[in-house]
Every structure is written in C-alpha cells, then in structure tokens.
Amino acid sequence: MNPIRHMAIIMDGNGRWGLKHKNSRNLGHREGLKTVEMVIKYCVKKKIKFLTLYAFSTENWKRPLKERSYLFRLLEIYLTEKLEKLNNEKIKIKILGEKKFYNKLNNLLDFAEKKTIRNTKLQINLALNYGSKKEIVYAFNKLNKRSKISENDINKNLYTKNIPDPEILIRTGNTQRLSNFLLWQAAYTEIFFEKKLWPDFKDKDLNKIVKKFSNIKRNFGKI
Ligand code: IPE
Ligand code: IPE
Ligand code: MG
C-alpha cells in the first residue's frame, strides 16, 4: 500500500458541465463546489494531510471579466460561509499564489490563513492566481544572491515550502496536460487523468483512483 500524504487536483470541466446542464459556465463553477466538499470529507476520512486544489491559474486572467468576477465572488461567499466550520474541523487553509484580487477577497484570504494556521487535521492549499513557472521564478528571485543553489534551496523558497511533494495528482475534465501546475513538485507524482467533468466526479471515482494508486509500484529510479 502506498501512503498518501498529499493529494493534488486540477479541478477541470466546470464550464463544460455548466453549459451542458444549465446553459451557463458560471453555474458549472457553482456546482463544482459540491465536489470540493466531497473531496475535503474524503481526505479527512482517509487521514490525508495535504490537499492542493487548483482553483485559478495565472493564465485564467485571460477569461472574460464576467467569469472571473463570478469565480472570485463564489470563493468569497464560500469562505465567508464555511470558514467557521472548516476551523472547527481543525482544517488549515493556505493560499498558493499571489493574492492580487480585490481588497475584500485579499483580506478574507489573509484572515482565513491566519485563523486556521494552528490547525493540523488537514491542510488545504488553494492554488489561486497560481502558476508553477511564476512560483519557480519567485523562488529564484529570493535566492539570487546565493552563489550555488541546491534543490533544497529551491524547495524552501517555493510557495509549497514545508509541504511534501504530492504522491498523487488528479485532473478531471478529459484533458491530459498540467496547465502550469506544480511542475517542480510533481517530478515523481503519480498522475491520473479522469474523463469525468469536475461536477460529475464522485467519491466512488476518487476511490477507484486511490485504489489504483495503492497498487502502483513506485520505483523512483530503482528496479
Ligand atoms: C474549472 O474548469 C477550472 C477553473 C479555471 C475554475 P473550467 O472552467 O476550465 O471548465 P472547462 O474546462 O471550460 O469545462
Ligand atoms: C487549469 O484549467 C486551471 C484550473 C483548474 C484552475 P484550465 O481549464 O484553465 O486549463 P487549460 O486552459 O485548459 O489548459
Ligand atoms: Mg478547463
């Protein structure tokens, strides 16, 4: 059995789901929150310590303002409503990415991080305005006075410092690419591309992937 400390997810397919079922991409994003709740419960139940959710990429700024605004409002409402409950469940919130939204949301994200900083049951890393290349550049800029840089120096200066690399990465939505997500950290991650759109992804689908993962022989270069 391979242990899972860290599960990372590219939650893709909300827009297509929304168009198909509600004639609105935005309503697909709203529906996707139900899958987020399911995954959080799953991680708590299975004692997975880190869950990283790709929620908004540095490239997603290219989307129309109407969709961006909806996504940010959705996050704001969700956190405002759920923060107390998450905190009571001893869940820690950490943002991966630069908080460059509107003031109210930036402050709420800061507040959520501070409020939950001592929680140890599950750490949810919300990748927001996250781009892996930007993160690596950020790490290098912090290091640029050093003469010789080690892998560990880079690890310690990424947004993910003190977070173990993910053992498992799932992308829903029937697309097989990483879209600038955890390029450094996923060097040895087991990757699962799932056909289902994010709102259609259920706990039995997650279970299937975890079962498959547990039977993989993870070589890390050995035989
Ligand atoms: C959600 O899926 C990912 C976010 C950027 C919030 P999409 O919005 O990319 O959905 P599709 O891929 O267009 O269906
Ligand atoms: C990746 O999904 C980003 C998030 C899930 C937040 P996208 O839908 O933005 O990725 P591309 O543009 O299809 O690569
Ligand atoms: Mg997409």
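A: Helix H3 gives the largest share of the lining of the largest pocket, with 7 residues. Please keep in mind that this is a predicted model. The pocket has a volume of about 830 Å³, and 38 residues line it, with Met11, Asn14, Tyr54, Ala55 and Phe56 closest to its centre. Sorted by class, the lining holds 21 nonpolar, 10 polar and 7 charged residues.

Now let's see what is inside. Helices H1 (14–22), H2 (25–45) and H3 (65–88) each give two or more residues to the shell around the ligand. Here H1 gives the most, with 3 residues. The shell is made up of 3 nonpolar, 5 polar and 5 charged residues. Of the 13 residues around ligand 1, the nearest are Asp12, Gly15, Arg16, Arg25 and Arg63.

A backbone N or O atom of Arg16 is 2.7 Å from an oxygen atom of ligand 1, while Arg25 uses its side chain, where an N or O atom lies 2.9 Å from a ligand oxygen. Gly13 has a polar backbone atom 3.2 Å from an oxygen atom of ligand 1. On its own, ligand 1 has 380 Å² of accessible area, and the protein covers 87% of that.

Technical notes. Residues are numbered from 1 along each chain as its sequence is written. Chains are lettered from A and ligands numbered from 1 in the order in which they are written. This is a predicted model: local features need pLDDT of at least 70, side-chain atom pairs count only at pLDDT 80 or more; totals for chains, interfaces and linings use all residues. Side-chain values use heavy atoms; hydrogens and water are left out. A residue is near a molecule or strand if one of its heavy atoms lies within 4 Å of it. A polar contact is a pair of N or O atoms within 3.5 Å; within protein, one must be able to donate a hydrogen and the other to accept it, and residues adjacent in sequence count only if both atoms are side-chain atoms. Accessible areas come from the Shrake-Rupley method with a 1.4 Å probe; for residues, only the protein chains shown count as cover. Helices (H or I, at least four residues) and strands (E, at least two) are DSSP runs, numbered from the N terminus. Ala, Val, Leu, Ile, Met, Phe, Trp, Tyr, Cys and Pro count as nonpolar, Asp, Glu, Lys and Arg as charged, and the others, Gly among them, as polar. On a 1 Å grid over the protein atoms alone, a cavity is a set of points where a 1.4 Å probe fits but cannot get out, and a pocket is an open set with protein on both sides within 12 Å along at least five of seven lines; lining residues have an atom within 4 Å of a point. Grid points are joined across faces, edges and corners, and a volume is the space filled by probe spheres set on the points.
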